[in-house]
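This briefing covers side-chain contacts in the structure shown below.

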Amino acid sequence: MAFTLYTLIQTAILCINAIAVLHEERFLSKMGWGADQGVGGFGDDPGVKAQILNLIRSVRTVMRGGVVVNSGGYRVLQLLGERICDNASWCI
Amino acid sequence: MDYSAAQSGFRQQHNMRLRNSSVDGPDGGQLFDDTSAAGPANQGVYRNQQAGPQAAGPPGQSFLSDPMSNLAMVYGSSLATQGREMVDKNLDRFIPISKLKYYFAVDTVYVGKKLGILVFPYMHKNWEVSYQQDTPVAPRFDVNAPDLYIPTMAFITYILVAGLALGTQNRFSPELLGVQASSALVWLIMEVLAVLLSLYLVTVNTDLTTIDLVAFSGYKYVGMIIGIIAGLLFGRLAYYLSMLWFCGAIFVFMIRTLRLKLLSEAAAEGKLVRGTRNQLRMYLTMSIAAAQPVFMYWLTYHLIR
């Protein structure tokens, strides 16, 4: 399978966008994954679920400023990447 | 892209260092340092060599005594020093060079022993990394310390051997080398990121750095190389047998190395410790170790037809 660095960057952007668009009220709280439901034990081990919730919440906080992907930004990146990949015979 | 940036930074540093040393030369009127203070027996030989550079001295000195060119040379050397400091400072922000130097402090004995452990980890008894005042000992002095020399060399050799294997099947073209390289690099990056993510989720307090994880992920390339070469020389059966052997070897190697770093003290010594956290850690160790043979097979099976 020919993976390139460009597909890695693409995958990373899409994954972060997928985490960023999870809506707090409509979706996460319904599933019991809201931001206030994870911080239970202030003991020594937070547990896997609390860590995942922390991760989701921090990604959403960071991406709150620029949801680049859902605008035309991703399409521009894709066109740019295709142009780079077409002009060069290698595609790193 | 990270590699090329690092390499150009290194090359720039090297060039500036060369320029600096060549500019410092004419201070004493000699172009080379005089290292002939060995003994009376050698001075007869060295006196001839001294006469050589000094004969070149006077014509050079007439060039240097010109104040403008002297000034230009001093200015140039100070510019070079400034530039080198700036490159050092900025490069250190992105790539911790001093930390990287630790991972490349290896010697031949260490490499030999480490390769032996990678191929046959069943006889090795003591897997602990020895520390020296809270910092790990350099790989030169401790076989169990991770290094980056073997993974880097194994990675490059893997790309070359992959090109060789493709060539024997008449599927080779120079672009394929780049494709293979970027593909293997991407898998490496994804594996390291996955391990980092799982370490974060399980909240393990370890002193495993990212570079350690890169080193551990790079150790499987040794087995892959030998598997591909065996498959090229002796056919598919040899490929499967050697892959089987090296998958087992890397599995045992990873478990024994990671056990000491990830699990708590009691569990690492083999006692059964209850509790979900220790169980999670054990599962994490097993899954990291089990992912290695999968990657080994995944990255090589398309090369042996």
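In chain B, Trp187(B), Phe295(B), Tyr297(B), Trp298(B) and Tyr301(B) are joined into a cluster by ring pairs. The model is predicted. Over all chains, a search of the whole structure gives 14 aromatic pairs, one salt bridge and zero disulfides.

**Aromatic pairs**

- The ring centres of Tyr122(B) and Trp245(B) are 6.0 Å apart with planes at 70°, so this pair is edge-to-face.
- Tyr122(B) sits in the loop between helix H5 (108-119) and strand E1 (131-132) of chain B, and Trp245(B) in helix H10 (residues 236-262) of chain B, so the pair ties together parts 123 residues apart in sequence.
- Tyr122(B) is partly exposed at 32% relative accessibility, and Trp245(B) is partly exposed at 39%.
- Phe155(B) and Tyr221(B) form an edge-to-face pair, 5.3 Å centre to centre with 90° between the planes.
- This pair links distant parts of the chain, with Phe155(B) in helix H6 (residues 149-168) of chain B and Tyr221(B) in helix H9 of chain B, 66 residues apart.
- Phe155(B) counts as buried at 10% relative accessibility, and Tyr221(B) counts as buried at 2%.

**Salt bridge**

- Glu191(B) and Lys220(B) form a salt bridge through their side chains, at 2.7 Å from N to O.
- Glu191(B) belongs to helix H7 (residues 174-201) of chain B and Lys220(B) to helix H9 (residues 220-234) of chain B, 29 residues apart.
- Both Glu191(B) and Lys220(B) are buried.

**Cysteines**

- Cys15(A) is partly exposed at 45% relative accessibility.
- Cys247(B) is buried, because its relative accessibility is 17% and the cut-off for buried is under 20%.

How values were computed
Residues numbered from 1 in each chain as written. Chains lettered and ligands numbered in written order. Predicted model: local features only at pLDDT ≥ 70, side-chain atom pairs only at ≥ 80, totals over all residues. Heavy atoms only, no water. Salt bridge = Lys/Arg side-chain N within 4 Å of Asp/Glu carboxyl O. Helix = DSSP H or I, 4+ residues; strand = E, 2+ residues; numbered from the N terminus. Buried < 20%, exposed > 50% of the residue type's maximum accessible area, 1.4 Å probe, protein only. Disulfide = S-S within 2.5 Å. Phe/Tyr/Trp six-rings, centres within 6.5 Å; stacked < 30°, edge-to-face > 60°.
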